[in-house]
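I am opening a notebook page on this structure.

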Amino acid sequence: MGAKNILKRYLLNATFHGAKFIVDEQYHVLERIFWGCCILGSWYGAALLIESSFDAYHTSAISFVVETSYKDWKTQFPAIVVCEAKNMDRVQLVAEQLWGAEHDFTLEEVLSEMAYFRGESYHAVHECGDEENDVNCFMGNFSYYANLVRSSCEETLDNCYWNNKKFECCKYFHRIDTELGICYALNSVQSRRGPMLNMISDKYSGPGTLKIDVFSEAFVYTFGAEDVPNLVTPKSDVLQIDHFLHYKRKILIKNIENDLNTRDVSISQRNCRFRDENILDVHRYYSYSACSVQCRKREQLRICNCTSHLMPGTPTSKHCDMNGLVCLNEHYEELSVVIAKWSYGRKGVVCDCLPSCTEVDISVVHDNREMLYDYDKTFSTVEISLAALPSERYKRNVVRGKLDLVVSVGGSGGLFVGASLLTFIELLYYFTLRPCGGGDDDDDDEEKPININDID
């Protein structure tokens, strides 16, 4: 059977609306032209609607709403991370172990910069970065010396209370390696695994309060469970702790709840990543802050061919020696600021990171500091509490999922051209399997004459 006859047979029997009127010769030419124009217009309209459906599916699949049905919510207390900021007693002790009691005290500043590295190292570069180095300067393996100085959890934290109930600090504050060095985290998924403290606040328990004693100068971070301390953490998330002070901070939390179908939507559509959709090697779980650390690691490797000795997830072979440290110091301004990819002309690390799908909005309601007059105890007390139980939270809903796309496309095809899934199977059948059947010939479409001898 010729291709022309196959096409004609298909159009005569097709379930597409109006197709048979084009090829059926019993209709006038003007009628056939009219139906041809109608069919073209219908296909064009269907194409526009289908294109609009695909565009909406890719660009407007997610909607944000604010929920206020708060009476039965259970609110997880945010992650609390304590990072030692300075401890000159430890620095002096380690310096005496390394160089003896009669050592150059400038080396203590070098050791302190190595242990509490924040992107630049003035004393290390000027004392050990030229050809006339002190023989006692260490030229590499800086992470080893940093770990000698940093205090253990037991030396950093004590007297921990949750809602006035004491708990063992270092049983629940777990070590976490960050680009600021070793820290200790409560409620963080990024820390080393260990038991988790039940810190749920609801209408029965009321707003929760955490109270801890910190025995060194430190930074205390308050943020979501997947976030990590880094060089560009907003100041609003950090308490800078000094000795002999009682810090009180009251916060409010707004969580993000996700529709169960959110994971079925692509990352580009929802414009966020879940914590287990990790593409990073610096931390186990994804977050915006972890992604910014990854960007800085990438730039350090590109510019200096090495990374900071405190950079997590990096083998020691990639850590900078003294020459690399000089390079990091020279490019401090470029490496200490994160900028968007469209921020042309500014110095900084270009980082195009997506937010976390489960990030927490934490706002500080009130901060207060009071003196502790017991000078025999060289510690500070930090008290962080919820000002009130949350009355609002964000909800990410899927408004256009895959099923919605199928329904929209199917509805457009059915409305304009009368198409269904079987219609397209029929199309495939007529041009593949049907011609191979051998049951048709070129005269099938013509009426066969009646032989008079066959009439009884």
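**Entry 1: cysteine pairs**

Which cysteine does a disulfide join to Cys272? I looked, and the partner is Cys357, with S to S at 2.0 Å. I call a disulfide any pair of cysteine sulfur atoms within 2.5 Å. In general, a disulfide is a covalent bond between the sulfur atoms of two cysteines.

Before going on, I note the ground rules. This is a predicted model, in which local features need pLDDT of at least 70 and side-chain atom pairs count only at pLDDT 80 or more, while totals for chains, interfaces and linings use all residues. Residues are numbered from 1 along each chain as its sequence is written, and side-chain values use heavy atoms, with hydrogens and water left out.

Back to Cys272 and Cys357. The torsion about their S-S bond is about 95 degrees, so this disulfide is right-handed. The pair links distant parts of the chain, 85 residues apart. Cys272 sits in the loop between α10 (267–270) and α11 (288–304). Cys357 sits in the loop between β15 (349–350) and β16 (361–371). Helices (H or I, at least four residues) and strands (E, at least two) are DSSP runs, numbered from the N terminus.

Are these two cysteines buried or exposed? Cys272 is buried, at a relative accessible area of 0%. Cys357 is buried too, also at 0%. My cut-offs are under 20% relative accessible area for buried, over 50% for exposed, and partly exposed in between (1.4 Å probe, protein chains only).

Next I looked up Cys291. Cys291 forms a disulfide with Cys353, their sulfur atoms 2.0 Å apart. The torsion here is about -80 degrees, so the bond is left-handed. Cys291 lies in helix α11, and Cys353 lies in the loop between β15 and β16.

Then I checked Cys153. A disulfide joins Cys153 to Cys170, S to S 2.1 Å. Its torsion is about -100 degrees, so I log it as left-handed. Cys153 is in helix α8 (residues 153–156) and Cys170 is in helix α9 (residues 169–172), 17 residues apart. Cys153 is buried at 6% relative accessibility. Cys170 is partly exposed at 22%.

How many disulfides are there by this rule? I count 8.

From the side of Cys38, the closest cysteine sulfur is in Cys37. Cys38 is partly exposed, with a relative accessible area of 29%.

**Entry 2: overall build**

Along the principal axes, the C-alpha atoms fill a box of roughly 130 × 60 × 40 Å.

Of the 456 residues, 43% count as buried. The protein exposes about 25,300 Å², and carbon and sulfur atoms supply 52% of it. Accessible areas come from the Shrake-Rupley method with a 1.4 Å probe; for residues, only the protein chains shown count as cover.

I also looked at contacts (heavy atoms within 4.5 Å). Among those between residues at least 6 apart in sequence, 72% join residues at least 24 apart.

**Entry 3: Ser287**

Where is Ser287? I found it in the loop between α10 and α11. Ser287 is buried, at 0% relative accessibility. Leaving aside neighbours within four places in sequence, Ser287 is in contact with Gln190, Glu226, Asp227, Leu280 and Ser356. I also took a span to Leu40: 247 residues apart in sequence, and 50 Å apart in space, C-alpha to C-alpha.

**Entry 4: a surface patch**

Which residues form the nonpolar patch on the surface? They are Leu7, Trp43, Phe424, Leu427 and Phe431, with about 450 Å² of accessible area together. Patches are made of residues with over 30% relative accessible area and no salt bridge; like charges are joined within 9 Å, nonpolar side chains (Val, Leu, Ile, Met, Phe, Trp, Tyr) within 5 Å. A salt bridge is a side-chain nitrogen of Lys or Arg within 4 Å of a carboxyl oxygen of Asp or Glu.

Helix α15 (residues 421–431) gives the most to the patch, with 3 residues. Phe424 has its place in helix α15. Phe424 is partly exposed, at 44% relative accessible area.
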